[in-house]
There are 2 protein chains.
Amino acid sequence: MRAGSPFKMALFADLHFGEDAWTEWGPQQDVNSIKAMSSVLDSETPANNIPIANASLYWDQALSPTRSRGIPWASVFGNHDDAPFEWPMEWFSASGIPQLVCPMLNFTYSGELGCNFRGTSRLQLMKNEIDNNMLSYSRSGPKDLWPGVSNYVLQVMSQEKPQTPLAHLYFLDSGGGTYPEVISSAQAEWFKSMSEEMNPDSRIAEIIFWHIPSKAYKKVAPKFIIHKPCVGSINKEKVAAQEDEMGIMKILVKRPSVKAVFVGHNHGLDWCCPYKKLWLCYARHTGYGGYGNWPRGSRILEISEEPFSIKSWIRMEDGTVHSEVILSS
Amino acid sequence: MRAGSPFKMALFADLHFGEDAWTEWGPQQDVNSIKAMSSVLDSETPANNIPIANASLYWDQALSPTRSRGIPWASVFGNHDDAPFEWPMEWFSASGIPQLVCPMLNFTYSGELGCNFRGTSRLQLMKNEIDNNMLSYSRSGPKDLWPGVSNYVLQVMSQEKPQTPLAHLYFLDSGGGTYPEVISSAQAEWFKSMSEEMNPDSRIAEIIFWHIPSKAYKKVAPKFIIHKPCVGSINKEKVAAQEDEMGIMKILVKRPSVKAVFVGHNHGLDWCCPYKKLWLCYARHTGYGGYGNWPRGSRILEISEEPFSIKSWIRMEDGTVHSEVILSS
């Protein structure tokens with residue numbers, strides 16, 4: 001935190017970079033998504049600029065609006081982040097495999113095997129991100145939590161009292177792609193022991209980020225319009241929850257310091273609803289790839305020190321703001 | 001061919017080696033499958049013995065009964081031969097990932113990434129097979145037919161008239177696993193140009209092998225019991241056909257030299273039925289892995305020179321023989 005100003009985060013969800021990259025449609029959506037992210041960052045201006053050249057790969061593209069503005073970030077993986085490459089059926093018909101696609105798309109070319117259409121693993125993605133970006137706070141997480149990768153905790157430190165963390169941000173990998181959409185027992189146990197060790201008296205606020213909503217989201221979901229105590233603007237589909245519940249929610253609800261969980265995944269939902277003593281929130285769909293054409297935006301999260309508060313709202317690509325909610329009360 | 005004796009092939013289909021390798025059940029099925037293959041080879045004795053030490057990987061295991069008897073072979077890939085590894089959901093519960101499984105199963109261990117549970121590509125499988133086996137006649141096929149790999153042609157040469165091929169055996173990769181279950185337009189075109197070049201006047205018999213039945217198998221499938229003109233012994237399920245038809249069947253039926261197509265895939269079917277001027281045949285399920293508990297066996301294919309004939313029958317693991325059919329008339 002900087003003295004006298006709150007700590008502010010923008011959540012960019014469901015970016016879907018690199019989708020249908022061999023068509024005209026796909027790359028154009030990536031351009032649109034970068035515009036949406038840039039617009040939100042320019043409206044919220046959470047930090048000053050450190051220009052860094054854009055990289056060519058999709059992950060780097062997705063990071064570019066944040067990086068070019070010199071804003072630190074942290075990533076948590078979603079279900080599209082290590083999906084194996086799927087061969088389009090039409091490539092087996094008379095039109096054949098697009099010959100130009102391999103060098104164009106920066107797929108790995110290995111002499112003997114030709115274009116390599118295999119997917120990139122979460123570990124490779126994360127390693128590249130961390131190695132190439134000074135501003136990344138992402139981590140590959142403990143090995144005993146693999147194949148889940150983006151499992152780590154960041155401390156938000158007070159500028160005025162440097163030894164005092166104001167909040168702990170927990171990132172958990174909710175799977176998907178090449179392995180089940182679930183937060184494992186091992187991840188739940190890791191969160192339990194980390195939080196008990198780092199925050200034994202529950203005085204520091206804990207905020208949780210993962211991609212795929214847990215089953216608890218189904219319990220609190222508004223039925224038709226979004227009404228109090230929920231806050232939000234679109235409620236256009238059913239909660240698409242994780243495949244199983246292996247214990248993380250039970251642990252979260254027992255800790256008074258856990259204030260909120262943030263997820264993406266459902267492009268047509270952007271609400272926050274209370275669940276027992278904490279809030280379950282959706283990010284706002286930011287990407288132009290993937291399904292759904294609801295206007296793009298980003299959920300903003302602001303932590304203030306004196307008095308302590310966690311506030312959230314949604315900043316749209318067109319600059320408008322809505323759905324403000326206090327998550328710390 | 002050896003002088004005075006026919007050319008004989010045994011078809012081993014749907015072996016399913018390496019399945020559920022972390023359980024007691026899986027490895028036992030591999031033992032059973034090796035026994036079934038060995039029994040058939042000992043009954044049919046198509047060649048003399050050249051002992052070669054067994055290899056440890058599954059593909060090598062599947063080849064071992066043939067190799068240890070010094071019998072040459074050729075492989076054609078099925079839909080399980082490059083399936084990506086699927087994480088069992090129970091590994092994410094409290095029991096966790098079996099720690100001993102990695103070295104036991106010969107998965108690649110790479111220091112930084114830990115046990116590598118990714119699948120093996122068809123190209124890697126084929127490269128290992130060819131590099132390590134003098135008796136293998138398999139090929140990785142032309143690069144422009146990839147990702148389909150096992151696309152190649154073998155000539156069966158007369159012993160008495162050495163320059164005279166008696167039959168051309170065509171192997172085609174019908175996909176599955178990481179890419180669509182289909183024979184592509186490019187493969188169909190490859191067969192057309194190869195066969196027209198190698199056998200312009202259609203004097204040499206052509207026999208075709210691939211794994212997943214084409215849609216034409218549905219048209220000729222017997223409804224209940226197997227009756228003339230079909231020949232076989234089990235008709236226990238519906239034809240599970242390729243996802244699309246990209247032209248191979250039209251090309252095959254136009255060539256008078258194409259005598260028969262052989263597939264596996266349906267463990268509960270073992271019939272041959274005529275389709276226009278050629279025969280559509282199933283192998284007999286040989287493996288103990290995979291679905292179905294019908295008695296195991298192998299379809300045998302015998303090509304005789306004077307007079308020319310293609311005969312086929314099924315040899316069961318218990319030594320019995322049934323379903324003989326002449327495919328050359």
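Where in chain B is the place of Lys276(B)? Lys276(B) sits in the loop between strand E8 (272-275) and strand E9 (278-282) of chain B.

This is a predicted model, in which local features need pLDDT of at least 70, side-chain atom pairs count only at pLDDT 80 or more, and totals for chains, interfaces and linings use all residues. Residues are numbered from 1 along each chain as its sequence is written, chains are lettered from A and ligands numbered from 1 in the order in which they are written, and side-chain values use heavy atoms, leaving out hydrogens and water.

**View 1. Lys276(B) has a positive phi.** Its phi is about 55°, although Lys276(B) is not a glycine. The flanking strands are DSSP runs (E, at least two residues; helices are H or I, at least four), numbered from the N terminus. With 62% relative accessibility, Lys276(B) counts as exposed (over 50%; buried is under 20%, partly exposed in between; 1.4 Å probe, protein chains only).

**View 2. Ser202(A) also shows a positive phi.** Here phi is near 55°, again in a residue other than glycine. Look for Ser202(A) in the loop between helix H5 (185-198) and strand E6 (205-209) of chain A.

View 3. Pro147(A) belongs to the loop between helix H4 (122-132) and strand E4 (152-157) of chain A.

**View 4. Glu306(B) and Pro307(B) are joined by a cis peptide bond.** In this case omega is about 0°. You will find Pro307(B) in the loop between strand E10 (297-304) and strand E11 (309-316) of chain B.
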